[in-house]
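The report below describes a structural model, heading by heading. The sequence and structure are shown first.

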Amino acid sequence: MSIARFWRETPQRYNLGGSKCSDCSIVYFPPRSVCPNCSSHRRSIGRMVPFQLSGDGEVFSYTVVHEAAEGFDMQVPYVLALVKTVEGPLLTGQIVDVEADEVRIGLPVRAMFRKLREEGKAGVIHYGYKFAPREEDRAPAEPRGQRDASRAATPEGRRGPTTA
Amino acid sequence: MRDVAILGAGMTRFGELWDRSFREIGIEAGLGAMVDARISSAQLDAVYFGNMASGSLIEQEQIAPLILDYAGLGSRHLPAVRVEAGGASGALALHQGYLAVASGLYDIVVVGGAEKMTDVTDERGSDIASATADHEWEVVFGATLPSLWALVARRHMHEFGTKREEFAQVSVHDHEMGSRNPNAHYRNKVTLPQVLGAGPVAEPLGMLDCAPLSDGAAAVVLGPLDVARKYTDTPIRIAASQVATDSMALQHRREITTIDATVESAQRAFRRARRAPSDVQVAEIHDAYSIAALISLEDLGFVPKGKGGPEFASGRFAKGGAGPTVNPSGGLKSQGRPFGAVGIAQAVELVRQLRGEAKDRQVSGATLGLAHDLGGTGATSVVHLFERVN
């Protein structure tokens with residue numbers, strides 16, 4: 001994949017930039033130039049405005065992938081999910097920083113910026129969003145301060161095989 | 001628009017055909033169909049060819065003239081068209097061939113489909129097939145075709161209480177059917193414990209929930225129904241040929257436990273043919289992943305939404321069940337999955353069933369057959385109804 005092909009999508013993949021129809025107010029991700037909902041499509045042309053997703057949502061469906069997509073071989077098994085964002089759109093992405101057997105439909109998650117995959121040793125490194133359970137929803141298994149300190153030391157997390 | 005009939009059918013064995021090239025299997029299927037229809041190349045007006053990814057799989061494009069050339073027809077300079085819609089490429093090519101004959105533009109048309117999956121590694125083959133999902137918003141984030149169908153399966157279990165054992169039963173059924181098909185990729189039977197215990201691919205789907213990557217080709221000859229008896233004693237009328245599409249990515253669909261493109265294409269087909277699902281005795285449906293078969297049966301109108309699992313497990317779609325009999329060929333799971341050939345192979349099986357030539361796979365008294373093919377996770381659905389003309 002050329003650098004340009006990935007680079008041109010960075011506003012969406014890095015910052016969750018979507019769009020909103022100023023006619024019917026439905027939010028889309030990735031951004032669209034025409035609203036699929038408006039009965040008169042033409043009315044929405046030129047009226048789609050940028051809209052940034054908060055990154056908050058919940059697991060809509062999930063699977064544990066054992067036979068990886070290209071470039072994801074080092075991450076198996078990994079959890080892939082459809083996440084229903086609070087603004088409406090469904091997003092496809094990995095769930096990380098949690099044991100696979102703790103993932104369930106309805107689990108609240110938040111998007112975070114992560115490395116997705118790399119194209120060999122010399123190729124492009126792809127970054128984008130993955131999802132993890134929100135800190136405030138986690139069971140207080142250990143004192144708050146201690147936990148934050150350990151996470152800061154290993155920002156990629158240390159929570160078993162689904163971490164990437 | 002005039003009525004169109006299938007005059008002849010042919011196909012190769014499906015499987016890992018390491019000793020045979022793409023050209024060879026394409027020619028074998030096409031010539032087989034022409035011999036079956038008792039037509040000579042001089043009568044041929046055009047060729048339509050379904051293929052998903054020859055450029056990636058064998059580094060060869062422009063395959064429609066290529067096959068014609070090596071079939072010895074290069075000097076006739078015939079029109080030749082390649083059609084692509086992922087796993088529905090063959091079925092969509094059949095639709096295009098049907099339109100060409102129905103319109104009166106051409107009289108005799110060969111529609112073929114072929115895919116050579118094993119000239120690349122298994123892993124590469126899967127990656128190439130995943131291009132039938134949305135690359136930018138699914139695959140880049142770690143999705144594969146089986147993982148997307150696994151998301152559908154999990155949601156179907158959540159919404160309707162569908163059980164893991166119920167969709168595992170699809171693979172048991174397909175292998176049972178395919179064990180009687182000499183062209184099938186896998187002719188071994190499998191048991192429920194084997195399916196449940198197979199290695200995981202994308203949970204809850206395991207190895208035996210997923211159709212294999214196969215080589216293979218299939219072809220049919222189409223012509224106007226009013227002259228069909230010149231070529232065959234049992235013309236098979238194409239009672240309907242309907243296509244519907246939807247958003248590429250699962251995440252953009254209205255919902256993921258219904259494939260709207262299947263619903264639309266099926267409803268249009270039944271309307272066009274003035275028939276109902278209950279009129280169908282035999283169906284070849286899209287079972288690339290076991291869960292897809294259950295959802296297809298719901299969306300085609302054979303069972304109510306959410307009931308696919310228990311109805312399938314009850315034996316309804318087995319031989320002698322309330323019907324229709326599903327995938328007598330063994331389906332994609334057992335007969336095999338050479339992507340661009342699948343839709344044509346479904347038509348070939350139904351021609352044999354409706355002619356009463358399916359030997360020990362024969363569904364007795366079959367007069368109306370349905371074929372259903374999907375691209376990717378359902379961005380394209382093609383439904384055909386085939387009818388025996390007496």
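## Basis of the model

The model is predicted: local features need pLDDT of at least 70, side-chain atom pairs count only at pLDDT 80 or more, and totals for chains, interfaces and linings use all residues. Residues are numbered from 1 along each chain as its sequence is written, while chains are lettered from A and ligands numbered from 1 in the order in which they are written.

## Overall form of chain B

Chain B contains 13 helices and twelve strands, where helices (H or I, at least four residues) and strands (E, at least two) are DSSP runs numbered from the N terminus. A compact globule of 390 residues would have a radius of gyration near 21 Å, and the 19 Å of chain B agrees with that. This radius is taken over C-alpha atoms, and the globule rule is 2.2 Å times the number of residues to the power 0.38. Along the principal axes, the C-alpha atoms of chain B fill a box of roughly 55 × 45 × 40 Å.

Of the 390 residues of chain B, 65% count as buried. A residue is buried if 20 or more other C-beta atoms lie within 10 Å of its own, exposed if 12 or fewer, and partly exposed in between, with C-beta atoms placed from the backbone. Among contacts in chain B with a separation of 6 or more, 77% join residues 24 or more positions apart; two residues are in contact if their C-beta atoms, placed from the backbone, lie within 7 Å.

## Domains

Chain B is assigned domain 1 (4-121 + 214-236) and domain 2 (129-212 + 238-388); such bounds come from an automatic or database domain assignment. The C-alpha centres of these two domains of chain B are separated by 23 Å. Between them, 38 residues of domain 1 of chain B are in contact with 39 residues of domain 2 of chain B. On the domain 1 side, H4(B) gives the most, with seven residues. By class, that side has 22 nonpolar, 13 polar and three charged residues. Here Ala, Val, Leu, Ile, Met, Phe, Trp, Tyr, Cys and Pro count as nonpolar, Asp, Glu, Lys and Arg as charged, and the others, Gly among them, as polar.

In chain A, the assignment gives domain 1 (17-52) and domain 2 (56-137), with C-alpha centres 26 Å apart. Five residues of domain 1 of chain A are in contact with four residues of domain 2 of chain A.

## The interface between the chains

At the interface, 25 residues of chain B are in contact with 24 residues of chain A. The largest share of the chain B side, seven residues, comes from H6(B). That side of chain B has 13 nonpolar, six polar and six charged residues.

## Helix packing in chain B

All ten residues of helix H10 (residues 290-299) of chain B are buried, so this helix is largely enclosed by the rest of the structure. The buried residues of H10(B) pack against H6, helix H7 (164-178), helix H9 (260-273), helix H11 (308-313) and strand S11 (368-375) of chain B.

H4(B) and helix H13 (residues 339-355) of chain B pack at an angle of about 60 degrees, with axes 5 Å apart. H4(B) is therefore oblique to H13(B). Axes are lines fitted to C-alpha atoms, for helices over the stretch in contact, and angles run from 0 to 180 degrees between N-to-C directions. Angles under 35 degrees count as roughly parallel, over 145 as roughly antiparallel, 65 to 115 as roughly perpendicular and the rest as oblique. The residues of this contact of H4(B) with H13(B) divide into seven nonpolar, four polar and no charged.

## Backbone exceptions

Most residues other than glycine have a negative phi, and most peptide bonds are trans. Glu59(B) has a positive phi near 55 degrees, and with 9 C-beta neighbours inside 10 Å it counts as exposed. Lys359(B) likewise has a positive phi near 55 degrees, lies in the loop between H13 and S11 of chain B, and counts as exposed with 10 C-beta neighbours inside 10 Å.

The peptide bond from Val76(A) to Pro77(A) is cis, with omega near -10 degrees. Another cis bond runs from Glu203(B) to Pro204(B), with omega near 10 degrees; Pro204(B) lies in the loop between S5 and strand S6 (205-206) of chain B.
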